[in-house]
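Subject: Structure handover

Hello,

Here is the structure I promised to pass on. Please open it alongside this email.

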Amino acid sequence: APCSSVLTVACEQTEVLLFDPISSKHIKTLSEAHEDCVNNIRFLDNRLFATCSDDTTIALWDLRKLNTKVCTLHGHTSWVKNIEYDTNTRLLVTSGFDGNVIIWDTNRCTEDGCPHKKFFHTRFLMRMRLTPDCSKMLISTSSGYLLILHDLDLNKSLEVGSYPILRARRTTSSSDITSSGSSGPRAVGSPCHQNNSGPPSEKTLSRPSQREGGSPRNSLEVLTPEVPGERDRGNCITSLQLHPKGWATLLRCSSNTDDQEWTCVYEFQEGAPVRPVSPRCSLRLTHCIEEANVGRGYIKELCFSPDGRMISSPHGFGIRLLGFDAHCSELVDCLPREASPLREIRSLYSHNDVVLTTKFSPTHCQIASGCLSGRVSLYQPKF
């Protein structure tokens, strides 16, 4: 929770677990929170939270009355994997393997659900995130593409062809960041997706760029993020996180053949393009590190610390704390000219199975991690 009063855990077998993160005591088990695997939990404030599931639904819960759901939201047609929330408009944003991003108006929530509408659709959708100020939406795909909706307006539903398309292009770590050419990656061997590839709409990508120093509302940029060692092979963006100050995006990428995994940081490059005739890419690779190639086929969720100075990343049977330099400096204070390795600050190992997820406490010096066999560990690092 934002106040760190409770730690919620999404489980494969329909359960949600609640812990006191300070005493490490188990508070409650919601044994039938959903009818299938619970995938993600998102707090709307210090008492209300939402869960999503492979049963295609989203549920709203109140910590003060956990014996029953506040309501259940129906709208997706496949596994729901991601929940975001705009605190200013009180709009809940969800995404699933049906390729849909759906907006739910919690201002008009009843026991029967919330008014909702389909906001966006793309093939091979994996993860969706909003920047802290909700000015951008980032979407990752299993075919290696990263989609960015600029100058976001969540009140307008987007159909194919109704939004300005910025050119598809490959990110780069060098000073030559104006190339607009991009060759699509090969398909990812994912058990959850068809073996296809390609950006969301081949026709729309042939349009000329409409970006001249800025982006119109809900303009779509399609990128192929550079991943070390993946220049000639496709990759799948499995985990997508955003810097708490909106400066950068954090990706966990796996290769087509699942023989490599990388954690990569890309800074947002705002402002006018360097050359108007060839718009500059919005992201630049700044830091990266190769990850342990264990637990193939499983997604490892990583995260930034609340101040954005460290990254906690699943690594084998434990986690690694990574920094932009050895002193855990702010990203803006140590931006390299070329992509540099992330620095390993500390490794923490307490699991007997592959770690799949990790999270920093919003208010305390504490980290939680969860592994494939269901064990949850809490750490309070001492440096």
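What follows covers charged pairs, aromatic rings and charges over rings.

First, the ground rules. This is a predicted model, where local features need pLDDT of at least 70, side-chain atom pairs count only at pLDDT 80 or more, and totals for chains, interfaces and linings use all residues. Residues are numbered from 1 along each chain as its sequence is written, and side-chain values use heavy atoms, leaving out hydrogens and water.

Salt bridges

Side chains of opposite charge can pair when their charged atoms come close. A salt bridge here is a side-chain nitrogen of Lys or Arg within 4 Å of a carboxyl oxygen of Asp or Glu. The whole structure has 17 of them.

Start with Arg42 and Glu84. Their side chains form a salt bridge at 3.1 Å, N to O. This pair links distant parts of the chain, 42 residues apart. Arg42 sits in strand 4 (residues 38-43), and Glu84 sits in strand 8 (residues 80-86). Strands are DSSP runs of E, at least two residues long, numbered from the N terminus. Glu84 is buried at 4% relative accessible area, whereas Arg42 is partly exposed at 28%. Buried means under 20% relative accessible area, exposed over 50%, and partly exposed in between (1.4 Å probe, protein chains only).

Now go to Arg320. Which side chains does Arg320 meet in a salt bridge? One is Glu291, at 3.0 Å, N to O. Arg320 lies in strand 23 (residues 318-323) and Glu291 in the loop between strand 20 (283-290) and strand 21 (303-304), so this pair ties together parts 29 residues apart in sequence. Arg320 is buried, with a relative accessible area of 6%. Glu291 is buried too, at 5%.

Another partner of Arg320 is Glu344, at 3.6 Å, N to O. Glu344 belongs to strand 25 (residues 343-349), so its bridge to Arg320 in strand 23 ties together parts 24 residues apart in sequence. Glu344 is partly exposed, at 44% relative accessibility. Shared partners extend the picture: salt bridges join Arg252, Glu261, Glu291, Lys300, Arg320 and Glu344 into one network.

Aromatic rings

Rings of Phe, Tyr and Trp (its six-membered ring) pair if their centres lie within 6.5 Å; planes under 30 degrees apart count as stacked, over 60 as edge-to-face, and the rest as tilted. The structure holds three such pairs.

Phe43 and Phe49 have ring centres 5.2 Å apart and planes at 40 degrees, so they are tilted. Phe43 is buried at 14% relative accessibility. Phe49 is buried at 0%. Phe49 also pairs with Trp61: the centres are 6.4 Å apart and the planes at 15 degrees, so this pair is stacked. Phe49 lies in strand 5 (residues 48-53) and Trp61 in strand 6 (residues 57-62), so the pair ties together parts twelve residues apart in sequence. Both Phe49 and Trp61 are buried. Phe43, Phe49 and Trp61 make up one aromatic cluster.

Charges over rings

A charge sits over a ring if NZ of Lys or CZ of Arg is within 6 Å of the ring centre and within 35 degrees of the ring normal. The charged end of Lys81 sits over the ring of Phe97, 5.2 Å from its centre. For Lys136, the ring is that of Phe268, with the charged end 5.5 Å from its centre.

Best wishes

How values were computed: Helices (H or I, at least four residues) and strands (E, at least two) are DSSP runs, numbered from the N terminus.
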